[in-house]
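Please keep the sequence and the model in view while reading.

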Amino acid sequence: MGQTLSEPETSKESAFCQNDYYKVGSSCMQGWRIHMEDSHTHILSLPDDPGTAFFAVYDGHGGANIAQYAGKHLHKFVTKRPEYGEDVKQALQRGFLDIDEAMLNDESLKEQMAGSTAVAVMVKNDRLYCANAGDSRAIACINGKLDVLSFDHKPNNASELERIKRAGGYVEYNRVNGYLALSRALGDFSLKRNSDKLAEEQVVTAYPDVEEREVTEDFEFMVIACDGIWDVLPSQSVLEFVMNEIAQGIYPQNICENLMTRCLAPDCQMGGIGGDNMTVIIVCFLHGRPYEDLVNRCKEHVVEMNKKVSEMFIDHESSFVPQQSSSKSSLEEGGGNDLSPLSSPEQSPKASPSEKTKSAATDGQSSPDEDDTSEELDLK
């Protein structure tokens, strides 16, 4: 954990936009960090390609300049690629590399030690493309079910570690060259200086993975956020949190604020968990219908989810065989007056729900999954 404030900065910058297809809310919060280094973008209709939507979160480290530049310009580099009309996936991949090269050639940016994650979602002609470099993340709720749209790039991932070593780097303390806790990023130009390697082969690369989906009527909402959220809550918990809030009719920008408040550490003694900058975008898919239709769908999912939790609880209770009856039978058969410890009323085991069931049934603080936890957060 890097330097922190004595008290968190909890003021939030929130925004909202909507058309017939999307209802979008966003919010960001500095939290315990000395500076706010995140940036984000939500554009319902791109100027260079009307009807195409673009949403992105950029989690800066070592300074905010790289994230801010990307927030203003990445979508422009993508749409001006020659492949864009025929191959959006390749346009995204090359667009990430193009903006990285442009920043490297910018006198005000190239010598900085700053960098930024980038997770960008483009929706064009009912196709969704999610391009990711780093450990920010995007998830979707499709008919009440989780669909993870991006995968974190960590130095100890097998394919990432192999590329790092081939380019002359190393991983120490789960960090690239001992200090960077992610293996793909915009910027971080000191880790992109191997002249024998292509841009996508460097120790740290801006080259993104791209996931594609067909957008159907089952698409309900999408959450795009930096690791300040995912380090605290796993993807399924975030999905359930947002679903519950939509079911109450809460607007997406307010849900973003509530989610960040939920993830904020009560103090700065939690090893960095909940102490990072936080940025969240929630995209609700309207499909040309009122928001109330999505609210009702989420209500149905919540009812179904709670029903399953109740059934799990009942099944767990019924799996325990009462011990008293067997003891009674033994006594009736002349087994004497001695009660075994298990048949003693004071010591008989009582059924209790498993920890997994408790976690699924509540929205309380939970420890993050192993894959969702970053040990330190000073340089990501």
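**Cores, rings and cavities of the chain**

Of the 380 residues in the chain, 49% are buried, where buried means under 20% relative accessible area, exposed over 50% and partly exposed in between, with a 1.4 Å probe and protein chains only. This is a predicted model, in which local features need pLDDT of at least 70 and side-chain atom pairs count only at pLDDT 80 or more, while totals for chains, interfaces and linings use all residues. Residues are numbered from 1 along each chain as its sequence is written, and side-chain values use heavy atoms, with hydrogens and water left out.

The chain has nine helices and 15 strands; helices (H or I, at least four residues) and strands (E, at least two) are DSSP runs, numbered from the N terminus. Among contacts (heavy atoms within 4.5 Å) between residues at least 6 apart in sequence, 69% join residues at least 24 apart.

The largest nonpolar core comprises 37 residues. A nonpolar core is a set of buried Ala, Val, Leu, Ile, Met, Phe, Trp, Tyr and Cys residues joined through side-chain atoms within 4.5 Å. Phe221, Val223, Ile229, Val238, Ile246 and Val280 have the most contacts inside this core. At least two of its residues come from each of strands E2 (22–33), E8 (137–142), E14 (219–225) and E15 (278–285), and likewise from each of helices H4 (227–230), H5 (235–247), H6 (252–263) and H7 (291–318). The largest share, seven residues, is supplied by H5. Leaving aside neighbours within four places in sequence, Val280 is in contact with Gly25, Ser26, Ser27, Val223, Ile224, Ala225, Ile229, Cys256, Leu259 and Met260. Another core, of 31 residues, lies apart from this one and includes Ile66, Ala91, Ile99 and Leu109.

How many aromatic pairs does a search of the whole structure find? There are five. Rings of Phe, Tyr and Trp (its six-membered ring) pair if their centres lie within 6.5 Å; planes under 30 degrees apart count as stacked, over 60 as edge-to-face and the rest as tilted. Phe16 and Tyr251 are stacked, at 6.4 Å centre to centre with 15° between the planes. Because Phe16 belongs to strand E1 (residues 4–18) and Tyr251 to the loop between H5 and H6, this pair ties together parts that are 235 residues apart in sequence. Phe16 counts as partly exposed at 39% relative accessibility, and Tyr251 counts as partly exposed at 39%.

Tyr22 and Phe285 form an edge-to-face pair, with 5.8 Å between centres and 65° between planes. This pair links strand E2 with strand E15, across 263 residues. Tyr22 is buried at 8% relative accessibility, and Phe285 is buried at 5%. Together with Phe55 and Phe219, Tyr22 and Phe285 form one aromatic cluster.

Rings also meet charges. A charge sits over a ring if NZ of Lys or CZ of Arg is within 6 Å of the ring centre and within 35 degrees of the ring normal. The charged end of Lys23 sits over the ring of Tyr291, 5.2 Å from its centre, and Lys80 lies over the face of Phe77 at 4.4 Å from the ring centre.

Finally, the second largest cavity is lined by Cys130, Asn132, Leu149, Ser150, Phe151, Asp209, Val210 and Glu211. A cavity is a set of points, on a 1 Å grid over the protein atoms alone, where a 1.4 Å probe fits but cannot get out; lining residues have an atom within 4 Å of a point. Strands E7 (127–133) and E13 (209–214) are the elements that give two or more residues to the lining of the second largest cavity, and E13 gives the most, with three residues.

Key. 1 Å grid on protein atoms, 1.4 Å probe; cavity = no way out; pocket = protein on both sides within 12 Å on 5 of 7 lines; lining within 4 Å.
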